[in-house]
Amino acid sequence: MVSWMICRLVVLVFGMLYPAYASYKAVKTKNIREYVRWMMYWIVFALFMAAEIVTDIFVSWFPFYYEIKMAFVLWLLSPYTKGASLLYRKFVHPSLSRHEKEIDAYLVQAKERSYETMLSFGKRGLNIAASAAVQAATKGTGTGACRTATRRMSVGQILRRSPGCQPGPERSP
């Protein structure tokens, strides 16, 4: 438990906060070499964070797991070992270059599907809201047949509702 907390602190401070500040300094000074260094770091670190989700679940029982993880983050960050640059150049860049077209196609497809899904949810939400509003407005007024028909109507149908089905005083059966 203690090693987990120390590991989280090390990853936060040395894996995120310090690199974020160093990235800010690189942007401020407009140093291209530093830009490239920190972009490579952030790409490798993002992959590490994605892998960490799986490894934390299945491998955290391994002895010295958290200590190894802390050492790995410090190795990535170190200007002496240049761990992030090494991993990026040897593994990440070649792999991404090989699969770039497939990844781009998948991202375009995901973007289109998400847009269509949001439109579908939006339409459903509007229909549900309109039905609820009509139900609330007709509760206690109008004839039973009009209320039943209104519950099944879409937003456009409600707006074009026939004049013969206007809410009126509720009639008891």
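**Helix packing and the pocket**

Helix α2 (residues 32-58) and helix α4 (residues 83-138) have axes that come within 8 Å and cross at roughly 75 degrees. Helices here are DSSP runs of H or I, at least four residues, numbered from the N terminus. Axes are lines fitted to C-alpha atoms, for helices over the stretch in contact, with angles from 0 to 180 degrees between N-to-C directions. So α2 and α4 are roughly perpendicular to each other, a label for angles of 65 to 115 degrees.

This is a predicted model, where local features need pLDDT of at least 70, side-chain atom pairs count only at pLDDT 80 or more, and totals for chains, interfaces and linings use all residues. Residues are numbered from 1 along each chain as its sequence is written, and side-chain values use heavy atoms, with hydrogens and water left out.

Which residues of α2 and α4 meet? From α2, M40, Y41, I43, V44 and L47; from α4, A84, S85, L87, Y88, R89 and V92. Contact means heavy atoms within 4.5 Å. By class, the contact of α2 with α4 has 9 nonpolar, 1 polar and 1 charged residues. Nonpolar covers Ala, Val, Leu, Ile, Met, Phe, Trp, Tyr, Cys and Pro; charged is Asp, Glu, Lys and Arg; the others, Gly among them, are polar.

Next, α3 and α4. Their axes come within 5 Å and cross at roughly 85 degrees. α3 and α4 are therefore roughly perpendicular to each other. F72, W75 and L76 of α3 make the contact with G83, A84, L86 and L87 of α4. That contact of α3 with α4 has 6 nonpolar residues, 1 polar and no charged.

Now the pocket. In the lining of the largest pocket are 16 residues, and R33, R37, M40, K82 and S85 lie nearest its centre. A pocket is an open set of points on a 1 Å grid over the protein atoms alone, where a 1.4 Å probe fits, with protein on both sides within 12 Å along at least five of seven lines; lining residues have an atom within 4 Å of a point. α2, α3 (65-77) and α4 each supply at least two lining residues. The largest share, 7 residues, comes from α2. The lining divides into 8 nonpolar, 3 polar and 5 charged.

Key:
Angles under 35 degrees count as roughly parallel, over 145 as roughly antiparallel, 65 to 115 as roughly perpendicular and the rest as oblique.
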